[in-house]
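Thanks for coming. Please look at the model first.

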Amino acid sequence: MRATPLRLPAAFVLGGALLLPLSCTPVLAAPAPAPDGSWRAAEVANGDFSAPALSATAEASQEAVPKEWSGKDVMLFSGPLARRSDKRQAVSLNDSTGPGTLRQRLWRVNAGAKVRVSFFDSASTLSTCTPARVADGQRYKVSTFKPVAYGADGKPSADREVHHSQEYRTEGYTKPPNKTGDGSWTSEAEVFEFTAAEDNPLIAFESLEKPTGAGDEEKKCGPLVAAVTAQQQAAAVDHYIEQNGMPWRAYKGNDEISLETALESCKGVNACRFTADPDYSYQYYAKVRVIGYAAINCTRNQKTDRRALSYTEEGFDSITQELRRLKNAAQVDQNLTNSGADDKGTGSPNLQEAFPEMFKQAAAGFQRLQGNTRLVNTTDPLTTTRTVDKTVEQAVQPSEASWYEVQASRERVEGLFQGTGNVRIDAMLDYPSNRVPDRFYQRTGPMTQDEQRHCLTERPLRVTPDNGGVDAGSDPRASTPRTPGPAEAPGPAAAPVQAPAPAQGPAPLPAPGTAGTPASTSTTGTTGTAQNSVPAGPARVFQVAPVSGFRAEVSVPSGPRAAAPGDLKTVRLQPLTQMPAEPALQPAPRGAAS
């Protein structure tokens with residue numbers, strides 16, 4: 001059915017501690033047999049070849065394939081003709097056309113299981129066989145293979161992928177001519193052992209005895225097989241099969257058919273009986289997932305996170321998944337915007353809605369698996385969905401977050417639907433468990449770095465007339481410090497610059513048209529540049545406040561002319577502990593020392 005990755009027994013999943021992290025990436029390794037190493041019976045349908053039944057008292061044969069088996073060119077021998085000690089029927093691997101083949105699948109044997117097929121053999125007992133044909137025994141082989149192609153008649157073609165093969169030779173015996181022989185049945189069974197390369201592996205018995213003559217009776221002389229049984233060491237359970245990728249197979253007899261064809265035989269009431277496989281059915285916990293939102297406490301106080309939570313666990317099954325895949329594959333997406341509008345209706349409902357009778361049989365098979373063979377009312381039925389509503393609250397400390405998680409308990413059920421017309425569907429179901437509780441986690445923890453940074457940001461505002469036309473937090477001057485230039489490197493404090501004292505006598509009058517004309521004074525400091533207008537005239541000392549938190553004193557020459565740019569002096573700004581409450585521009589008393 002599938003190339004199976006690592007399998008683990010169901011006992012490893014639950015029972016105190018979870019020993020396998022189900023969310024891990026699958027390890028694509030060859031599956032190993034179950035650790036217990038026990039051999040359990042594997043189903044071989046009609047392994048004693050009792051159907052169809054032939055005469056229990058007369059030597060009789062019939063060119064027919066036994067019920068539940070497939071093949072061609074074989075004959076069924078009655079008990080008296082087979083000459084077995086238990087009087088059971090046997091099958092000859094030759095008929096009137098020559099050597100033939102007999103094959104059957106071993107149901108509910110998964111890939112990776114060790115299989116042991118036991119059977120008994122004998123040289124032919126037909127009276128038409130010459131003594132020489134049975135004296136040294138007769139050859140045949142047993143193999144397990146996967147058909148690569150099927151012919152127009154639905155039978156596997158000669159193209160096949162052989163997984164295991166082994167030749168055998170029966171014991172020889174002395175047979176009287178023209179009389180029924182006693183055969184060469186042994187007390188110990190032959191054994192064919194192999195490791196299953198696929199689910200429900202196909203085994204085949206093939207005669208290697210070719211006729212030496214042209215007569216039909218000569219062609220019938222071939223080896224006999226009887227009492228076929230099988231045992232298996234079940235493979236470890238594969239916990240890595242995703243819910244949306246579960247496998248399926250459909251068969252008619254021992255040959256694969258399409259799922260749609262097989263479902264036609266299972267739609268009626270009680271049409272298909274479901275048998276769950278105890279080796280590969282188990283409970284497990286799904287991956288943890290977050291429910292709802294995370295509440296972040298940016299405040300300085302403890303807060304209570306109170307909320308109503310609801311979560312739903314959905315059911316999955318491999319049958320409707322395959323139907324959905326086929327339906328979606330048939331859709332041609334013509335919507336260039338890929339909005340999905342033309343994909344509506346491509347999904348299929350779950351098994352309970354799509355095939356209610358099959359779901360009833362699956363539910364019954366699940367109860368039989370739990371030991372409820374009489375199918376009485378139970379508190380843990382098989383359910384397709386489950387919804388949980390819950391009101392919760394918890395205290396959230398400052399600088400912490402609050403959130404909730406759930407780890408749902410699940411039932412994984414693998415089994416076989418068997419219906420009329422010898423149709424079988426190997427299916428897998430995955431539903432919420434009613435026997436194991438969900439794990440519900442109430443979580444609190446420290447904020448992430450992103451959340452911490454966001455909690456420290458200002459309240460968002462938009463541009464309004466009363467905030468200076470600047471978005472809160474968007475003014476680069478408030479957060480980006482200015483880097484000082486080379487001329488602004490820190491140094492010792494400089495004394496204020498003082499102009500020479502004016503000559504005795506009245507001060508000269510300003511030139512006509514120049515009285516009151518300001519001279520532009522530029523003062524550069526460690527953190528910025530201040531510009532102030534200074535009137536021309538005698539030397540005057542001015543105290544200016546160029547930048548908040550700093551102070552400087554500037555003097556300009558006196559005279560009848562306006563101050564020239566070369567007369568301006570650059571004075572280092574001195575930081576002030578407190579900015580004096582003085583105007584930005586204030587003349588000092590005339591003639592005062594600077």
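I start with arginine 424, whose side chain makes a polar contact with the side chain of glutamate 68, at 3.3 Å. A polar contact here is a pair of N or O atoms within 3.5 Å; within protein, one must be able to donate a hydrogen and the other to accept it, and residues adjacent in sequence count only if both atoms are side-chain atoms. The side chain of arginine 424 also makes a polar contact with the side chain of asparagine 422, at 3.1 Å.

Two remarks on the source. This is a predicted model, in which local features need pLDDT of at least 70 and side-chain atom pairs count only at pLDDT 80 or more, while totals for chains, interfaces and linings use all residues. Residues are numbered from 1 along each chain as its sequence is written, and side-chain values use heavy atoms, with hydrogens and water left out.

Back to the arginine. Arginine 424 lies in strand 25, residues 423-432; helices (H or I, at least four residues) and strands (E, at least two) are DSSP runs, numbered from the N terminus. Is arginine 424 buried or exposed? Arginine 424 is buried, with a relative accessible area of 2%. Buried means under 20% relative accessible area, exposed over 50%, and partly exposed in between, with a 1.4 Å probe and protein chains only. Leaving aside neighbours within four places in sequence, arginine 424 is in contact (heavy atoms within 4.5 Å) with residues including Trp107, Arg249, Tyr251 and Phe417. Arginine 424 and alanine 262 are 162 residues apart in sequence, yet 7.2 Å apart in space, C-alpha to C-alpha.

For the whole protein, there are nine helices and 32 strands. Of the 594 residues, 41% count as buried.

Next, the rings. Rings of Phe, Tyr and Trp (its six-membered ring) pair if their centres lie within 6.5 Å; planes under 30 degrees apart count as stacked, over 60 as edge-to-face and the rest as tilted. By this rule there are 12 aromatic pairs. One of them is phenylalanine 119 with tyrosine 168, edge-to-face, 5.5 Å centre to centre and 80 degrees between the planes. This pair links distant parts of the chain, with phenylalanine 119 in strand 9 (residues 114-122) and tyrosine 168 in strand 11 (residues 160-169), 49 residues apart. Phenylalanine 119 and tyrosine 168 are buried. Ring pairs link Phe49, Trp69, Phe119, Tyr140, Tyr168 and Phe205 into a cluster.

Strand 9 also holds aspartate 121. The side chain of aspartate 121 does make a polar contact with the side chain of tyrosine 140, at 2.6 Å.

Finally, aspartate 380, in the loop between helix 7 (356-369) and strand 22 (386-396). Aspartate 380 is buried and has no salt bridge, the nearest side chain of opposite charge being arginine 435, 4.1 Å away. The side chain of aspartate 380 makes a polar contact with the side chain of threonine 378, at 2.4 Å.

Definitions and conventions:
Lys and Arg count as positive and Asp and Glu as negative; His and the chain ends are not counted. A salt bridge is a side-chain nitrogen of Lys or Arg within 4 Å of a carboxyl oxygen of Asp or Glu.
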